[in-house]
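Here's a quick tour for someone opening this model for the first time. Have a look, and then we'll walk through a few spots together.

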Amino acid sequence: MLDELRELYQEVILDHGKHPRNFHGLEDANHSAHGYNPMCGDTLFVYLKVDEEGIVRDCAFKGKGCAISMASASMMTEILKGKSVDEAKALFERFHAMCTSDDTPPHTGNLDPDDLERLEVLSGVREFPVRVKCATLAWHTMTAAMEGQEEVSTE
């Protein structure tokens with residue numbers, strides 16, 4: 001069963017990596033940032049349209065990188081639409097914990113369990129520490145964009 005689950009996770013990552021969702025610029029974005037992972041050369045631009053109530057109405061990305069960074073960015077842009085800025089930051093914190101620790105605390109707060117389950121496919125990177133930066137690059141870039149930073153690096 002574990003092998004079947006791992007294979008399914010790999011298929012999801014490869015699908016998002018080869019056919020990323022929301023892979024385009026966003027002309028009416030009011031937040032954007034460039035993120036770079038010097039370890040493997042991944043580079044992403046994240047674009048967000050956040051309304052006056054602090055809700056992410058649209059998000060997209062452009063860039064190039066490995067399948068993990070592309071898949072993570074693709075999944076992130078799907079999940080963030082309709083979330084508040086606070087929810088987006090909380091999702092990043094939870095996702096980062098999933099990618100870096102075997103002891104992820106139980107789900108608490110108002111995060112959607114379905115979103116967390118979708119992101120679980122990327123949690124296997126914790127077995128390969130150098131790949132954690134690939135998986136979290138888009139999320140660091142999204143956070144930088146929300147905080148008004150133009151550039152962020154995983155170093």
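Is D51 buried or exposed? D51 is buried, because its relative accessible area is 15% (buried means under 20% relative accessible area, exposed over 50%, and partly exposed in between, using a 1.4 Å probe and protein chains only).

## Before we start

This is a predicted model, where local features need pLDDT of at least 70 and side-chain atom pairs count only at pLDDT 80 or more, while totals for chains, interfaces and linings use all residues. Residues are numbered from 1 along each chain as its sequence is written, and side-chain values use heavy atoms, with hydrogens and water left out.

When helices and strands come up, they are DSSP runs numbered from the N terminus: helices are H or I with at least four residues, strands are E with at least two.

## Salt bridges

Side chains of opposite charge can pair when their charged atoms come close. Here there are nine salt bridges (a side-chain nitrogen of Lys or Arg within 4 Å of a carboxyl oxygen of Asp or Glu). One of them joins D51 to R57, with 2.7 Å between the closest N and O atoms. R57 has 48% relative accessibility, so R57 counts as partly exposed.

Next up is K81, bridged to D58 with the closest N and O atoms 3.5 Å apart. K81 sits in the loop between α2 and α3 (85-100) and D58 in strand β3, so this pair ties together parts that are 23 residues apart in sequence. K81 is partly exposed at 33%, and D58 is partly exposed too, at 22%.

K83 has a partner as well: D115, with the closest N and O atoms 2.9 Å apart. Since D115 belongs to helix α4 (residues 113-119) and K83 to the loop between α2 and α3, the bridge ties together parts 32 residues apart in sequence. Both D115 and K83 are buried. There's also a network of salt bridges, which links D15, R21, E78 and R118.

## Aromatic pairs

How many aromatic pairs does a search of the whole structure find? It finds two (rings of Phe, Tyr and Trp, the last by its six-membered ring, pair if their centres lie within 6.5 Å; planes under 30 degrees apart count as stacked, over 60 as edge-to-face and the rest as tilted). F23 and F61 have ring centres 5.2 Å apart and planes at 75 degrees, so the pair is edge-to-face.

This pair links distant parts of the chain, 38 residues apart: F23 is in the loop between α1 (2-18) and β1 (31-37), and F61 is in strand β3 (residues 56-64). F61 is buried, with a relative accessible area of 0%, whereas F23 is partly exposed at 38%.

## Two loop residues

Most residues other than glycine have a negative phi, and most peptide bonds are trans. N22 has a positive phi, near 60 degrees. You'll find N22 in the loop between α1 and β1, where N22 is buried, with a relative accessible area of 16%.

C66 is in the loop between β3 and α2 (67-80). C66 counts as buried, at 17% relative accessible area. The C-alpha atom of C66 is 9.7 Å from that of T43, and the two residues are 23 residues apart along the chain.
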